[in-house]
Amino acid sequence: MSTDRGLGNNSHAARFLSSYHWTKERDGFGGYSGITLAPDGAGFVMLSDRGHLIEGTIFRHGDRIIGVRSAEMTPLDFPDSLFAHPSIRDTEGLARDAEGRLYVSLESDNRVLRRDLDGTWSALPTHPDIQSLPNNRGLEALAIAPDGTVYALPEYSQDLQSPFPVFRFRSDKGWDQPMSISRDDGLLPVGADIGPDGRLYVLERGFTGFGFSSRVRRFDISPGDGVPGETLLTTEPRQHDNLEGLAVWAASDGSLRLTMVSDDNFLFLQKTEIVEYAVCK
């Protein structure tokens, strides 16, 4: 069901396009915290925070989402050997590289796992600064550049004024932290993507007793501490649901689109919502 909810957003450089309430009569459906899209914005993979993937296609009429078709949900077949506690698999961030390999971040033990094209899972090397992140407040947002560089952001910083670190993984150099982004307004990073323009886009979420609010900022990837970036949009509490996954792609006219998906926390009062905005500049 497509709706016009969101037209009242406090948008800076993005224009609301549509919101689609996606339902599926399947046990375990929902909880989507990560999304990747094909370059044309149609084909998708979504990640549930209970460890399954769902693939499908988004259908649009003009700029409006009019339907979603998907295959069956498939569990992530992680080998138990990758886990000290196999029952704890808090999957949060999702990204796909240019060759089609999937990367998944785990918030519970602060690691990134990779699924190769043959289906084999492996873990990226660890880093002390990542391993020291608090349990359940660790690596939340994940993005991959065209050259295969992985970027990961936690929803944690040292205090309410400290910036959020941006960790970078390069296969020949391992992990480092080239930059950090500013923290303010009670918003925490929950999703990320590298846009066709090569910049880092970060989806942030806030929560009050009245509901969830969201913000999307974009950043040039260059050394810096507490970089404020450019705010593309902010939303008021309850304007959208609990938006957690972000994908950035280019429409046929060359304009950039922001596609976001909400995590309904498997609660009746929440919903799986796919929301889209067009970047105006």
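**Aromatic pairs and sheets in a predicted model**

Phe207 is exposed, with a relative accessible area of 57%, where exposed stands for over 50%, buried for under 20% and partly exposed for what lies in between, using a 1.4 Å probe and protein chains only. This is a predicted model, in which local features need pLDDT of at least 70 and side-chain atom pairs count only at pLDDT 80 or more, while totals for chains, interfaces and linings use all residues. Residues are numbered from 1 along each chain as its sequence is written, and side-chain values rest on heavy atoms, with hydrogens and water left out.

The confidence of the predictor in each residue is given by pLDDT, on a scale from 0 to 100; for the protein chain its mean is 90, and 94% of the residues reach 70 or more. Over residues 3–11, however, pLDDT stays under 50, and for this stretch the model has 30 contacts beyond four places in sequence, a contact being heavy atoms within 4.5 Å.

Turning to the rings, the structure holds eight aromatic pairs. Rings of Phe, Tyr and Trp (for Trp, the six-membered ring) pair if their centres lie within 6.5 Å, and planes under 30 degrees apart count as stacked, over 60 as edge-to-face and the rest as tilted. The pair of Trp22 and Phe44 is edge-to-face because the ring planes stand at 80°, with the centres 5.7 Å apart. This pair links distant parts of the chain, since Trp22 belongs to strand 3 (residues 14–22) and Phe44 to strand 5 (residues 43–48), 22 residues apart. Trp22 is buried at a relative accessible area of 4%, and Phe44 is likewise buried, at 2%.

Strand 3, which carries Trp22, is mostly covered, as seven of its nine residues are buried. Strands (E, at least two residues) and helices (H or I, at least four) are DSSP runs, numbered from the N terminus, and two strands pair if DSSP finds at least two bridges between them. Strand 3 pairs with strand 24 (residues 272–279) in the antiparallel sense over eight bridges, and Tyr20 stands opposite Ile274 in strand 24.

Another open sheet, of four strands, has the order 9-10-11-12 with antiparallel pairing, and its edge strands are strand 9 (91–96) and strand 12 (121–123), each pairing on one side only. Five bridges join strand 9 to strand 10 (residues 102–106), and these strands run antiparallel; Thr91 has Leu106 in strand 10 as its bridge partner.
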